[in-house]
Amino acid sequence: MERKQVEELAKLAKLEFTPEELDRFAGDMGDILGFVDKLGELDTTGVPPAAHVSGAVNVLREDVPRPSMPREDVLMGAPERDESGFIIPRVI
Amino acid sequence: MQLYEYTAHELRSLLRSGEVSAAETARALLERIAGTDPQLNAYITVLGDAALEQAGEADRMLKAGDGGALCGVPVGIKDNICIRGVRTTCASRMLENFFPPYDANAIELLRAQGSVFLGKCNMDEFAMGSSTETSYFGTVRNPHDLSRVPGGSSGGSAAAVAAGSAVVAIGSDTGGSIRQPASLCGVVGMKPTYGMVSRYGLIAFASSLDQIGPLARSVRDCAMVLDAIVKGDSRDTTSIMDAQDGFEARLNIDMKGKRVGLPREYFAQGVDEEVRDAVLEAAKTFESMGAVCEECSLPLAEYALVAYYLVSSAEASSNLARYDGVRYGYRAHGAKDHEEMFVRSRSEGFGREVKRRIMLGAYVLSAGYYDAYYKKAQQVRTLIMRDYAALFNKYDFLLTPASPTTAWKEGARIDDPLRMYAADMCTVPVNIAGLPALVLPCGRGEGGLPIGMQIIGPARSDALVLGAGYAYEQAAGGGALRPVDVGGGQG
């Protein structure tokens, strides 16, 4: 895989790498993609894709109101917060 | 015999008769952890006081005649399963200081039994690995030989059970993460049918493949744990709502006339001869019990590993998008805007293997590649499910190796992802098809290292799979495995 392609992908995945890491990833990804190209050997014309194994579709429940998790519990792990919400660096 | 050496079912009798208390049992286990973990590193967090408090409660329950089969039994919990208020790291810097605000479903059910949580077991970071070398909290060592890996990703759970620093443990299995380390550490491990155990509170890796299950030193103990944690749960939409427990009560299954398939692809190239021989020897044991063993074929087995890495990486890249430094988990300091905060938090918080999988997943899901990789992998998944279905028309269960090799030396594969991935070739197809599979020891290889075999059954045949394992265990000399000495030599 081209290094430039790896950079593009990193952007999509919201990751950044040092130049050395980029080279290493380009190599690793190339090896892994060589390995996964093996699937091309199989004819899958007309075979439906399986997203999961249970066969269940749209598992729904009654829309019954119930208490949500207490706000304090939800905020417990926040890296930065005030009494009522999460604080993040400026957006605009 | 020391208290830490007992199995869960033996402890149950001792606890119920009042011969031992839950408190002294918990103390014995905590001492064993203190004595072995400097070598093994099987735990990320040890719950000293909290465990003793739970044990006190268990003693009250026992006295009152309350509590389940696991009342007072000390359990190790893989560190990707949430316990309210207990640090749950997924062996990642990303969650180094994460204290979940809720219990996983399996934890709620174990609590109701009165079992005692010893601590959080070490693992590969986000369960991505086959050797427990990718943990942010250091590698885990195999109790049978400290220079070797315990397998992964539930390597801490497996090492703890093997060494007697847990009586039983809970792990998770996405592509073999319970069964492969069970094999390398010489213990029993089970991945139940997909949907049998609720994934609520299990930190997601690849949701269509992840399943919680037990590791133990006997098949009966596995059945006891499953009896506790199998229950329909509406908070996991893939949960089997009418799942039946009662596995321990159904352990006695006659092997006479049972048809056992030995798929030749599992005994082929890449599988060590000593492993092959040990599993074929186990097949003879089944024959001596009246089962009929026959070679068969699962032609797509070799494609399962490829399909697995595509599907699991795609799901992982999507599941791990939630780690953005906003609500919980690691946040990089000093970012000038939110975008920089996302990128730096993720880049500093995740380790190399996790990033590799996120990148692969992002790639196979991206426009232009989706059909060639992700959709293709899902189609292959359908074909593999059909292959298994055809085999189960002919056979009651399949018998295979659990790992192509015994435990390898630490560091031997960590820089070669493809060689590492090959370690899962025996276990991955089972996750692809959502089947139940039990791994248990069936011999020793060179250096006295444990060899494991795998019993695979059709979906929802968990009781049969356990029964077959139990029958083998009895026929092969019966009874419980005892903890190994942790010294560096052979166990």
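The model is predicted, so local features need pLDDT of at least 70 and side-chain atom pairs count only at pLDDT 80 or more, while totals for chains, interfaces and linings use all residues. Residues are numbered from 1 along each chain as its sequence is written, and chains are lettered from A and ligands numbered from 1 in the order in which they are written.

**Stop 1: chain A**

Select chain A and colour it by secondary structure. Chain A holds three helices and zero strands, in the order α-α-α along the sequence. Helices (H or I, at least four residues) and strands (E, at least two) are DSSP runs, numbered from the N terminus. The C-alpha trace of chain A spans about 55 × 45 × 25 Å along its principal axes. Its radius of gyration is 23 Å, whereas a compact globule of 92 residues would have one near 12 Å. That radius is taken over C-alpha atoms, and the globule rule is 2.2 Å times the number of residues to the power 0.38. Of the 92 residues in chain A, 13% count as buried. A residue is buried if 20 or more other C-beta atoms, placed from the backbone, lie within 10 Å of its own.

**Stop 2: chain B**

Now select chain B, which has 15 helices and 11 strands. The C-alpha atoms fill a box of roughly 65 × 55 × 45 Å along the principal axes. Buried residues make up 63% of the 491 residues in chain B. Of the contacts in chain B between residues at least 6 apart in sequence, 76% join residues at least 24 apart. Two residues are in contact if their C-beta atoms, placed from the backbone, lie within 7 Å.

**Stop 3: the interface**

Show both chains together. The contact takes 52 residues from chain B and 41 residues from chain A. On the side of chain B, the elements that give two or more residues are H9, H10 (338-349), H11 (352-365), H12 and H13 (417-422). The largest share, 11 residues, comes from H12(B). By class, this side of chain B has 28 nonpolar, 14 polar and 10 charged residues. Here Ala, Val, Leu, Ile, Met, Phe, Trp, Tyr, Cys and Pro count as nonpolar, Asp, Glu, Lys and Arg as charged, and the others, Gly among them, as polar.

**Stop 4: H9 and H12 of chain B**

Select residues 301-319 (H9) and 370-394 (H12) of chain B, whose axes come within 9 Å and cross at roughly 130 degrees. Axes are lines fitted to C-alpha atoms, for helices over the stretch in contact, and angles run from 0 to 180 degrees between N-to-C directions. H9(B) and H12(B) are therefore oblique to each other. Angles under 35 degrees count as roughly parallel, over 145 as roughly antiparallel, 65 to 115 as roughly perpendicular and the rest as oblique. Residues to display in H9(B) include B:Tyr303, B:Ala307 and B:Leu310, and those of H12(B) in the contact include B:Tyr373, B:Arg381 and B:Ile384. This contact has 11 nonpolar, one polar and one charged residues.

**Stop 5: H2 and H3 of chain B**

Finally, select residues 22-40 (H2) and 48-64 (H3) of chain B, which pack at an angle of about 155 degrees with their axes 7 Å apart. H2(B) and H3(B) are therefore roughly antiparallel to each other. Among the residues in contact are B:Ala22, B:Ala26 and B:Leu30 of H2(B) and B:Gly48, B:Asp59 and B:Leu62 of H3(B). By class, the contact of H2(B) with H3(B) divides into nine nonpolar, three polar and one charged.

How values were computed
Buried ≥ 20, exposed ≤ 12 C-beta atoms within 10 Å, placed from the backbone.
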